[in-house]
Amino acid sequence: GAGPGKEDGQFNMPADVATDAKGRVYVADHRNDRVQVFAADGKHLQNIASQKPSRINIHPKTGEVFVFSWALPVPCGRRSTPSTSHNSYTLTRYSSLDKAAKETASWDINIRPDPRGNHLLSRHFATQINMAAAMDFSGDKLRVWVSGRSPAGHRSTRNNPGLGEGVMLLEQDGDSWTVKGDFLEEAAHAIRRVNSAIFNRQRLYVNPKDGMLYLLEGDSAHGKASQRTLQINPETGRTRMIELPLSVEDMAFDPDGHVYLRTHNMVMRYQPDTWREVPFDYGEERVRHHFGNSGGERSSRVISGSVFHGGGSFHHGGFHVAPNGNIVVAGRFHSSIDSRGTRRHEAQVHEGASYQPLLYAGRILGGAIHLVQILDRHGRMVHEDAVQGVHGLINGVAIDNRNDVYLLSAAVRHYNGDRHFNDHAGTIMKFTPGEGRLLAASGAPIPLQPLPDRPPDVEFPRMWAENAHWMYGGVGWGGQNYSSGCSCPNTRFALDYFARSFTPEIDRYNVGVLDSAGNLILRVGQYGNVEDGVPLVKDGGPSDPRSIGGDETAIFFAPYVATHTDRRLFIADPGNARIASVKLGYHTDSQTALKDVPDAGAGGGK
């Protein structure tokens, strides 16, 4: 709690810890360029000079000290300085502590950390970098296991741009190291795509007409846009890579199997087999349209896309198509109002037009604003501001057949004045369009006075929900809550055709299922790894899984879900590097004969 220090027993970013056979403790004091050694009772014994130590391994027989060095990211809020940079990736061997821990050898093992890895992916992945290394002392020669970027020069491919970012086994060969095993290369021969999902974003979608599963992983626009989707057959496991007509931020399906793609301010509709556009009756044409602004995104002509209020090329709040064909979409834009109430920015709508949301006491209109909007099946705007006052990150919206709106706010649920135990989990809210709104305790250009005489409903920001049907907290992951990280890793919930909400409860290692009234009726999954849980179909999984009881669904970090209504639930679990398919059923099935119903086949249905 005293902060970083340079004295013995003080640390500046301790990166790793190891012990030897005599119980001595070795700490990689990363930014102090040393390894500190302590006795078993905590007494400081010695410092070993080592530039940017990141991992420590102790030889169990000789006591030799092996130190891996590479640069770790600078924590949020601190600036990088020359003393914090370290561009080489080295392994250094020191004699045992009993022999003064002198340097005896050093190798450049020529590995690179994943350039996309210096992000806090979740509370479970707190290392902030997708790289690890460990010594293997089991053989006559020294071996190193590395995970992250493999040795430089290892080729990537067009279909697998991440090839070379996996687990590899290196063996000492004189003064150099040779590759003895490349497990990611092996995986590339077995599966369609092996490059890791940026920010662990693996958004899932199901075509209700044929049951096909679709996966979007950000592949452009700094991981915010997708130019291709992976189609997965849940019955066979076969996959097919599909190039999308243009780069998009999100997608959805309607009951007829049409696929909808969205950008910052437009929804387009297509036939999934031919990818020919199905124009909206009320829409606009674009000569070249796409999502993203990094310069490499794919563009396409749009014949007639439905336009909504939104802008910007970062995270948007999702969209969804109801069984009746209506569409809900969360359009994000940045707006600011000065102390006199003068607007500075507005949402882009049609080319050359803008939109100003309603200003009322307690509504924040600065920073990131989401407008929850409803379009009908023909592409006409029905509600421009269906839930007023939404502020901050939204991690998904949905609409049911009665046109009620469901949204997952990153704001944390309050219960009788107490905040939910997971301050990074969000809150699902249900509203009737045009009847609900959110009131903020502070930050609004027109202050809310007096404040409601009851505890707030959510926090970050502190707000009260008016006319909400219900709220359910503890859902998903809000990376920017309390300025503790990045919103790039986020989450999505799913709504099925019975208006049941499937909610990723990440810190509970399960997916909650809520009925249309917000009651928790089921939890799917429990903590476990890839060898845990005996599936109904064992093909393609571990050869000898361990039973964990219950529904046998093991989850480690599962932020994205999709549902084929009451048939299947799909769970993206990047923590276990897999997508789980869960069969949905009922406790009791029965068949009832329908009397006096004409046989349509024999009598033509008359």
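Colleague: How many of the residues of strand S44 (residues 560–564) are buried?

Modeller: A word on the source comes before the reply: this is a predicted model, in which local features need pLDDT of at least 70 and side-chain atom pairs count only at pLDDT 80 or more, while totals for chains, interfaces and linings use all residues. Residues are numbered from 1 along each chain as its sequence is written, and side-chain values use heavy atoms, with hydrogens and water left out. Buried means under 20% relative accessible area, exposed over 50%, and partly exposed in between (1.4 Å probe, protein chains only); helices (H or I, at least four residues) and strands (E, at least two) are DSSP runs, numbered from the N terminus. In this case S44 is mostly covered, with 5 of its 5 residues buried, and this holds on both faces, with Tyr-560, Ala-562 and His-564 on one side and Val-561 and Thr-563 on the other.

Colleague: Which strand is joined to S44 by bridges, and do the two run parallel or antiparallel?

Modeller: Two strands pair if DSSP finds at least two bridges between them. Here 5 bridges join S44 to S45, and the two strands run antiparallel, with Tyr-560 standing opposite Ala-572 in S45. The two strands form a hairpin with 3 residues between them, and Thr-565 in the turn has a positive phi of about 50°.

Colleague: With which residues is Val-561 in contact, leaving aside its neighbours within four places in sequence?

Modeller: Contact means heavy atoms within 4.5 Å. Val-561, whose place is in strand S44, counts as buried because its relative accessibility is 3%. Its contacts beyond those neighbours include Leu-204, Phe-493, Phe-502, Val-511, Leu-569 and Ile-571. Val-561 and Thr-503 are 58 residues apart in sequence, yet their C-alpha atoms are 7.8 Å apart in space.

Colleague: Where does Asn-207 lie, and why does Asn-207 count as buried or exposed?

Modeller: Asn-207 lies in the loop between S13 and strand S14 (213–216), and it counts as buried because its relative accessibility is 2%. Leaving aside neighbours within four places in sequence, Asn-207 is in contact with Met-212, Tyr-214, Phe-253, Gly-257 and Pro-272.

Colleague: How many salt bridges does a search of the whole structure find?

Modeller: A salt bridge is a side-chain nitrogen of Lys or Arg within 4 Å of a carboxyl oxygen of Asp or Glu. The search of the whole structure finds 24 of them. One of these joins Asp-98 to Lys-22, with the closest N and O atoms 3.1 Å apart; Asp-98 is in the loop between strand S7 (90–94) and strand S8 (103–108), and Lys-22, 76 residues apart from it, is in the loop between strand S1 (14–19) and strand S2 (25–29). Both Asp-98 and Lys-22 are exposed, and they belong to a network of salt bridges that also links Asp-20 and Arg-24.

Colleague: Are Arg-203 and Asp-250 buried or exposed?

Modeller: Both Arg-203 and Asp-250 are buried, and they form a salt bridge whose closest N and O atoms are 3.9 Å apart. This pair links strand S13 (residues 203–206) with strand S17 (residues 250–253), the two residues being 47 residues apart.

Colleague: Which parts does the pair of Glu-235 and Arg-568 tie together?

Modeller: Their side chains meet in a salt bridge (2.8 Å, N to O). Glu-235 lies in the loop between strand S15 (226–232) and strand S16 (239–248) and Arg-568 in strand S45 (residues 568–573), so the pair ties together parts that are 333 residues apart in sequence. Glu-235 counts as exposed because its relative accessibility is 63%, whereas Arg-568, at 21%, counts as partly exposed.
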